[in-house]
4 protein chains.
Amino acid sequence: MDFAIPARMQPILDGMKRFMETEVYPLERHGGRFVDLVPALKQQRERVKEQGWFAPQLPKEHGGMGLSLQEHALVSEILGRSFLGHYVFNCQAPDAGNMEILIRYGTDAQKATWLAPLARGDIRSCFSMTEPERPGSNPTWLETTAVKDGNDYVINGHKWFTSSAQGARFAIVMAVTNPDADPHARASQIIVPTDTKGFEFVRNISVMGHEGSDHDSHAEIRYVNCRVPRANLLGAEGAGFLIAQERLGPGRIHHCMRWIGICERAFDLMCARAAEREIAPGKKLGEKQIVQEWIADSRAEINAARLSVLHAAWKIDTLGLHEAREEISCIKFYVAGVMQRVLDRAVQAHGALGITDDTVLAAFYRGERASRIYDGPDEVHKIVVAKRALKKHGVTA
Amino acid sequence: MDFAIPARMQPILDGMKRFMETEVYPLERHGGRFVDLVPALKQQRERVKEQGWFAPQLPKEHGGMGLSLQEHALVSEILGRSFLGHYVFNCQAPDAGNMEILIRYGTDAQKATWLAPLARGDIRSCFSMTEPERPGSNPTWLETTAVKDGNDYVINGHKWFTSSAQGARFAIVMAVTNPDADPHARASQIIVPTDTKGFEFVRNISVMGHEGSDHDSHAEIRYVNCRVPRANLLGAEGAGFLIAQERLGPGRIHHCMRWIGICERAFDLMCARAAEREIAPGKKLGEKQIVQEWIADSRAEINAARLSVLHAAWKIDTLGLHEAREEISCIKFYVAGVMQRVLDRAVQAHGALGITDDTVLAAFYRGERASRIYDGPDEVHKIVVAKRALKKHGVTA
Amino acid sequence: MDFAIPARMQPILDGMKRFMETEVYPLERHGGRFVDLVPALKQQRERVKEQGWFAPQLPKEHGGMGLSLQEHALVSEILGRSFLGHYVFNCQAPDAGNMEILIRYGTDAQKATWLAPLARGDIRSCFSMTEPERPGSNPTWLETTAVKDGNDYVINGHKWFTSSAQGARFAIVMAVTNPDADPHARASQIIVPTDTKGFEFVRNISVMGHEGSDHDSHAEIRYVNCRVPRANLLGAEGAGFLIAQERLGPGRIHHCMRWIGICERAFDLMCARAAEREIAPGKKLGEKQIVQEWIADSRAEINAARLSVLHAAWKIDTLGLHEAREEISCIKFYVAGVMQRVLDRAVQAHGALGITDDTVLAAFYRGERASRIYDGPDEVHKIVVAKRALKKHGVTA
Amino acid sequence: MDFAIPARMQPILDGMKRFMETEVYPLERHGGRFVDLVPALKQQRERVKEQGWFAPQLPKEHGGMGLSLQEHALVSEILGRSFLGHYVFNCQAPDAGNMEILIRYGTDAQKATWLAPLARGDIRSCFSMTEPERPGSNPTWLETTAVKDGNDYVINGHKWFTSSAQGARFAIVMAVTNPDADPHARASQIIVPTDTKGFEFVRNISVMGHEGSDHDSHAEIRYVNCRVPRANLLGAEGAGFLIAQERLGPGRIHHCMRWIGICERAFDLMCARAAEREIAPGKKLGEKQIVQEWIADSRAEINAARLSVLHAAWKIDTLGLHEAREEISCIKFYVAGVMQRVLDRAVQAHGALGITDDTVLAAFYRGERASRIYDGPDEVHKIVVAKRALKKHGVTA
C-alpha cells in the first residue's frame with residue numbers, strides 16, 4: 001500500500017491551488033447572484049484553458065487532461081474549496097456527467113452537436129430526472145413518459161431540480177418509454193433542446209432562501225407534448241436507469257472530493273479564526289479546549305473521509321464500478337455527514353460572523369445541506385450497504 | 001407537582017393557535033422580504049388587539065395581558081410556530097426586551113416617549129450591544145464609549161447585529177461610561193433615537209444569504225460623535241451589564257419556548273409528510289423505520305426540552321431570576337440543540353422539498369442556526385452551568 | 001403548573017438520602033457477589049422497617065407507604081443511587097412488579113400465600129417471560145405452553161433472563177394457554193413454586209463477565225412437564241399479555257427514576273473528581289473546558305430526563321396508564337440514553353480509576369447497558385411512539 | 001496511490017485468519033479467567049512457531065517475521081479479532097513494547113537476559129509507569145523516584161495499571177532520576193526483576209468487575225526501597241519519557257489495528273445475527289431499517305478508521321515517527337470512538353444475548369472501554385492535534 005500522491009500530480013495540484021486562491025476566491029460573493037459573476041468567470045476560464053487544465057476530467061481526445069478517476073478526485077478536492085471552482089474548470093455538475101454520458105453513449109452526430117461545445121465550455125446543459133410527485137430515492141418510479149410517434153418522441157411530464165436549466169442549451173430527460181418492462185428497464189434518456197416547443201420552464205425553485213440564477217439554479221419544468229426526434233435517444237431504449245447509475249458512480253467521487261475540499265477550507269477558516277480571535281484581552285479563542293476539540297474531531301474525520309473517497313476511486317479505477325458499489329454508497333453518506341459536522345463547528349467557532357455572508361461558511365452551511373439528499377439520500381445508500389453486507393450472510397433483506 | 005396547563009390559559013392558547021393557523025401561516029413567504037409583508041401584518045395586529053391579545057407579555061397597566069412568565073411561555077410556544085407570530089402579537093425581540101427595560105428602569109418621561117408607542121406597536125426599536133471586533137461571548141468587553149460632555153453623552157463605536165435597526169425609531173446602546181470601574185460596571189444603556197446625527201447605518205448584514213429588511217434584519221452601525229442628552233440614560237450609570245442580564249433571563253425563556261413552537265411545527269410537518277408521501281406504489285414514507293426513529297427521537301426530545309423550559313419559567317416566577325440561573329443556561333443550549341436536530345430530521349424527511357422554500361423548514365433551518373450563538377453561545381452557557389456545579393464541590397474553576 | 005415537590009415528601013426524601021449515604025453506600029462491593037451482602041442488607045431492611053419506609057410502593061393495607069406513582073418516583077430516584085437501594089427498601093424488580101400483579105389479580109388465597117411474605121420481605125420471587133429463541137421485543141410470540149390436564153397446568157418451555165430466580169420461592173410464568181386465540185390473548189400468567197418438579201434451573205447466565213448470585217442474577221430455566229394446580233392461574237386465562245403490559249407501565253417509571261438516581265450519583269462523582277483531581281501542579285481537572293462541557297451537557301440532559309419521567313408519572317396518576325402510553329415509551333428510551341451518556345462521561349472524567357471497581361461507575365457502566373434492552377428495547381419503544389404520532393395523521397404504519 | 005494489500009502478505013493473512021477461526025476462537029471463555037487458558041494457549045503458541053508466525057513484529061534476527069509497521073498492522077487486525085490472538089502470537093502488550101525498547105536501547109547483556117526469553121515466549125514482563133495519584137494524561141509528572149546509591153538505584157513509589165505484572169519476570173519502571181531537569185528529562189526507565197525485594201505486589205485491581213489473572217490483569221505495585229543495579233538502566237538517564245513516546249507511537253498502530261479487528265468481528269456477528277434472528281414468524285431482524293442503519297454506519301466508519309490507521313502506519317514507515325505524530329493522535333481517539341459505537345450497535349442488535357457472555361461482544365464492550373483512556377486519553381490526543389493545527393496559523397495555544 002502506497003499513500004503517496006503521484007509525482008506528476010503534485011505540481012499540477014499546487015498550481016491549481018494557487019490559481020484558486022489568487023484568481024477564484026476573490027470573485028466569491030456569498031450572498032449574491034451567480035449570473036452577475038459569469039463575465040468574470042468566463043475570463044478565468046480562458047486562463048484555465050491556457051494552463052491546459054480545462055475540463056480536466058475528460059479524455060485527452062475530447063480536450064481534457066486524461067486523468068484517472070483518483071487523479072481527478074485530487075483535482076476535485078482543490079476546486080471544491082470554492083463554489084466557483086468546478087465551473088471555472090468546466091467540470092461542474094450536471095455538465096460533467098452529461099459529457100460522460102455523451103462520450104460513452106452518444107452517436108457521432110450527438111457528440112458533434114452537444115459534446116463538443118460542452119467540452120469547450122460554449123454551452124451548458126441540464127439533467128432532468130427528479131419529479132416532485134415521485135421520490136428521488138426510488139428513481140425507477142417515474143411519471144414522465146416519452147411516446148413514440150413516427151420518427152419522434154412526444155414527452156409529457158413534470159420535473160423539478162432540473163438543475164442549471166436556466167441558460168442551458170439542452171436537457172437530458174429521463175422518461176418512461178417502456179412502461180411494461182421490468183422497473184429498471186422502463187426509462188430512457190433523451191436529449192431535449194431547451195428551445196423545443198413544450199419544454200416549459202416554470203420557475204427557478206427558491207432553495208434555502210434563494211431562487212438562484214443561471215448555472216446556480218434548480219428549475220421546475222413541465223414537458224407538454226414536447227416533441228423531439230428519435231435520433232435524440234441516448235443509448236438503448238430502456239437503458240436510462242442503467243446509464244444514470246453509471247453516471248452517478250464517478251459523479252459521487254467528484255462530489256465527495258468536492259466536499260472534502262469544502263471541509264478543508266472550513267477547517268482552515270476555523271483554525272485561522274481560533275488563532276486570531278481574542279475572546280478576552282490577550283486570550284485567543286484557540287486556547288479554549290472546546291474549540292480545540294472541534295479542530296481535532298474535524299481533522300480526524302476529514303482525514304478518514306478523504307482516504308475513504310480516494311480508496312473508492314482507486315477501486316473503481318482498478319476493479320470497476322460494480323465492484324466498488326458498497327464503497328461508493330458508504331462514502332456518499334459518510335462524507336456528507338462529516339462535511340455537515342465540520343461546517344457546523346466552523347460556523348460556531350466564528351460566532352455571529354459565522355452566520356453572515358462575510359465568510360463563505362454560511363453559504364456552505366445552507367447550500368450543502370442538500371448533499372445528504374441529492375444523488376440518493378443518506379438512507380438509500382445506507383440500505384444498499386446493509387443489504388450487501390447481509391447478502392454475504394445469505395439474507396435477501 | 002402538577003403539570004396541568006392552567007384552566008384560564010387553555011382557551012386562550014386554543015384561540016391563538018387557531019388564529020395562527022388561519023390568519024398568520026397564510027402570510028408566510030419563506031424566501032421573500034419581510035418589508036413586503038408589513039401592510040398585511042399590520043392588519044392582523046389590529047385583529048389581535050381586538051382579541052385583547054396584543055403585547056401579551058406586558059402588565060395590564062401597559063396594555064398587556066398580565067401573564068406570568070410561565071403563562072407567556074405557553075403563548076410564546078404557539079406564536080413561535082411561525083416567524084411572523086411574535087411580530088403580529090407585538091412581543092418580538094428586540095422590542096419585547098426593550099419594553100421590559102423601559103418598564104423597570106425608564107423614567108416617566110422615557111416611558112411616555114418610548115414605551116407607550118412601542119407597547120401600542122406604533123414604533124419599533126433596536127438593541128445595540130454586539131461589536132464586530134469584540135466577542136459577544138464576553139459582553140463586559142466593549143469598545144464603544146459614551147463620554148459625558150455637558151448635559152450630553154457623546155457616543156463613539158462600532159456595532160453590528162443591531163437587529164431590526166432598519167426602520168426603528170430608537171436604539172438602546174451599550175457603551176462604556178466608566179472605563180476604570182470593575183468590568184461588570186463599566187457600561188451603561190443609553191437611548192439613542194435613530195435620526196440622531198452620528199448614528200450611521202452602514203448596512204444590513206447579509207446573513208445566511210439574505211440582507212433582510214425592516215424588522216427582519218441585522219444592521220451594522222457606526223456611532224460617530226453621536227450626541228444624546230444625559231436624560232437618555234437608562235437606570236444608573238455603569239448598570240448596563242446588569243440590566244442586560246436581567247433582560248436576557250426572561251428573554252431566554254421567550255426564545256426557548258419560541259423554539260419549542262418551531263420544533264412542534266417541524267414535527268407536525270415531518271409526520272404529515274411521512275403519512276402522505278408515497279415512496280413506492282402503496283408504500284408510505286412513514287412505514288420506514290428510519291423515519292419512525294426520527295419521529296420518536298424528536299418527540300422525546302421536544303417533550304423533555306419543553307418541560308425544561310416550563311420548569312425554568314416556573315422557577316423564575318417563584319424563586320426569582322438569580323435562583324434560576326443554572327436552569328436558564330441549561331435550556332439555552334439544550335433547547336437550541338434539540339431544535340437543530342429536529343429541523344434537520346424534518347428537512348431530511350422531506351427530501352428535495354425540504355431544502356426548498358415551498359415549506360417553512362428551510363427558512364427555520366438556516367434562520368435558526370443563529371440560536372446557538374445569540375444571547376450567549378452554547379459554550380458560554382455550558383461553562384456557566386459547569387462552574388456552578390463545581391462550586392458546590394468547592395472549586396472556583 | 002407547579003413543579004414544587006410535595007411538602008410532605010421532602011422530609012421523607014431527605015431522610016432516605018441520608019440513610020442511603022450513611023448505611024447503604026458503605027455496603028457496596030462493586031466487583032463482588034450479591035449473596036455475600038445479603039446478611040448485612042437484611043439488617044438494614046430492619047432499620048428501614050423501623051422508619052416505616054419498607055415496600056414504600058405498596059398501599060398502606062399491604063404494609064406500604066401508600067404513595068402516588070409520582071411520589072414513589074421521587075423515592076425511586078433516591079434509592080437508585082445505589083444498586084442496593086431498592087432491595088433494602090423491598091421495592092426491587094422483579095418482586096415489586098409481582099406484588100403489583102398479586103394485589104390486582106391475585107385471589108385471596110394467592111395473596112395470603114405469596115403476596116404477604118413478599119411484602120414482608122420474607123421471600124423473593126421471579127418473573128419468567130423471556131425466551132432465548134424468541135425475541136423479547138415481540139412478547140406475544142412465545143413457545144412455552146401450559147396445557148390443562150385435570151385440575152393442573154402442565155408447563156413446558158425454555159426461558160432465560162428469569163432474573164433473581166436463584167433463591168426465589170416462586171416464579172410467575174408466562175405460557176401459552178390459548179394457542180388459537182388472537183396473538184395478544186394467547187398467554188396466561190401462572191404461579192410456579194420453584195421447588196416444583198420440572199422447574200429446572202439450568203444456570204445463572206454470565207452477564208458482562210459475571211454469573212451473579214441470589215437476587216442479583218439472571219437464570220436460564222427449563223420447564224419440563226412442570227405441573228401446578230389451575231388455582232395458580234393469575235387473572236383470566238389469556239390475560240397474560242395484558243397483565244404484563246399493566247405491570248410494565250408503572251415499572252418503567254420505577255426504572256426510569258432509578259436511572260435518574262444513577263445519573264445523579266455519577267454526576268456528583270464526576271463533579272467531585274473534577275474538583276479534586278490535579279492534572280498538573282495546582283491545576284484541577286475541572287478547569288478544563290472539555291470536562292466542563294461534559295458536566296453541563298449531563299446537567300441539562302438529566303434535568304430534562306427527570307422532568308420527563310415525573311411528567312409521565314403525573315399523567316398516569318391523573319389520566320391513567322392508557323393515556324400515558326406515548327410518554328412512557330418516550331422516557332423508556334430517552335432516559336436510558338441519557339444515563340448511558342452520563343455514565344460514559346463520568347467514567348472518562350475518572351481516567352483509569354473510572355474503569356476500576358474502586359468507584360461504582362464501572363459497575364453502573366457495564367450493568368446498566370441492559371437498560372436499553374430490558375422491558376422493551378429502545379427500538380420497540382421508538383416505533384410505538386412513531387406509530388402513535390403517525391396515527392394522528394391518519395396512517396397505520 | 002495504491003491501496004492493494006502487498007502480494008506477499010495476503011496468503012499469510014489468510015492463513016492467520018483461518019488459524020484464528022479454527023484454533024483460537026474455540027478457546028475463548030468470555031466470562032472466565034485467563035490463567036485457566038494458559039496451558040491451551042501455550043500449545044497453540046507452539047503451532048504458531050511451526051508456521052513461522054511467532055513474534056511477527058520482531059526483526060528476523062530476533063526471531064520475528066521482519067514486517068514493516070504497515071504489514072504488522074494488517075497482522076494485528078487479524079489477531080485483534082480475539083482477546084487471545086496477540087498473546088498466542090507473542091505480540092501482546094506490554095511485552096511487544098518492552099521487546100521494542102530492549103532492541104533499541106538494551107545493552108548486549110540486557111538483551112541476552114531479558115529480550116531473548118521474551119522473544120521466545122518463555123517469560124512475560126510488565127511496564128510500570130502509571131501512578132494512582134498522578135494523571136496518566138501528564139506522563140512527565142511522576143512521584144516515583146530512583147535514587148543512586150553506589151552501583152544501585154533505590155526505587156520508591158506507588159504504581160497501578162502495571163498490566164500483566166502477575167506472573168511477569170520483570171518490570172520496566174519509569175522513575176524520576178533527575179528531579180531538577182526539564183520535565184521531559186526527569187524520568188528514566190529501569191529494569192526491575194519482579195522477585196526483587198521491595199517490589200511489592202499489592203493486588204490485581206478489579207476492573208469492570210474482574211480482578212483478572214496472569215497476563216490479563218492490572219496490578220497495583222509499591223516500590224519500597226527497591227534496589228537494582230545501575231546496569232539495569234535502559235538508555236540514557238533522563239531519557240525515560242522519550243523512550244516511552246517512541247514505544248507508544250508504533251504501539252498505537254498495533255492497538256488501533258487490534259481495535260479494527262474487534263470492529264470487524266463485531267460487525268460480522270451483528271450481520272450474522274441480523275441474518276438469522278427471527279423477530280416475527282418469517283421476519284428477519286435484518287429486514288428492519290434501524291438495524292440496517294447500524295450495519296451501514298458501522299461499515300462506513302470501520303472502513304474510514306481502517307484506512308486512517310494504515311495511512312498512519314505508512315507515514316511512520318516512510319517519513320518517521322515524528323512526521324506522523326498528528327496522524328497517530330488522530331487515529332488513537334478516532335478509532336477508539338468508532339470501536340465503541342460499533343460494539344454498542346452489535347450489542348443492541350443481539351438484544352438480551354448481547355449482554356451475556358455467550359458471545360464475545362459483552363467482553364469487548366466492557367473490556368475495551370479502557371481504549372479511550374490508556375496510552376493517552378482521547379482528550380490529550382485531541383489537544384495535541386489541535387495545537388499542531390493552530391501552530392500552522394502561528395498560535396502557541
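This is a predicted model: local features need pLDDT of at least 70, side-chain atom pairs count only at pLDDT 80 or more; totals for chains, interfaces and linings use all residues.
**Chains B and C**

Chain B is superposed on chain C by a rotation of 180° with 0.0 Å of shift along the axis, at an RMSD of 0.0 Å. This relation is that of a two-fold axis. Both copies use the same surface, since 100% of the contact residues of chain B recur in chain C.

In the contact, 41 residues of chain B meet 42 residues of chain C. On the side of chain B that touches chain C, at least two residues each come from α7 (240-276), α8 (289-319), α9 (325-350) and α12 (378-391) of chain B. The most is given by α8(B), with 15 residues. By class, that side of chain B holds 26 nonpolar, nine polar and six charged residues.

**Strand β4 of chain D**

Strand β4 (residues 170-176) of chain D has seven of its seven residues buried, so it is largely enclosed by the rest of the structure. In a regular strand, side chains alternate between the two faces of the sheet. On one side of β4(D) lie D:Phe170, D:Ile172, D:Met174 and D:Val176, and on the other D:Ala171, D:Val173 and D:Ala175; all are buried, and both faces are covered.

| Partner of β4(D) | Bridges | Direction |
|---|---|---|
| β1(D), residues 125-128 | four bridges | parallel |
| β5(D), residues 187-193 | seven bridges | antiparallel |

Within these pairings, D:Cys126 stands opposite D:Ala171 of β4(D), and D:Met174 stands opposite D:Gln189 of β5(D).

Note on methods:
Residues are numbered from 1 along each chain as its sequence is written. Chains are lettered from A and ligands numbered from 1 in the order in which they are written. Copies are superposed by least squares on the C-alpha atoms of residues with pLDDT of at least 70 in both. Two residues are in contact if their C-beta atoms, placed from the backbone, lie within 7 Å. Ala, Val, Leu, Ile, Met, Phe, Trp, Tyr, Cys and Pro count as nonpolar, Asp, Glu, Lys and Arg as charged, and the others, Gly among them, as polar. A residue is buried if 20 or more other C-beta atoms lie within 10 Å of its own, exposed if 12 or fewer, and partly exposed in between; C-beta atoms are placed from the backbone. Two strands pair if DSSP finds at least two bridges between them.
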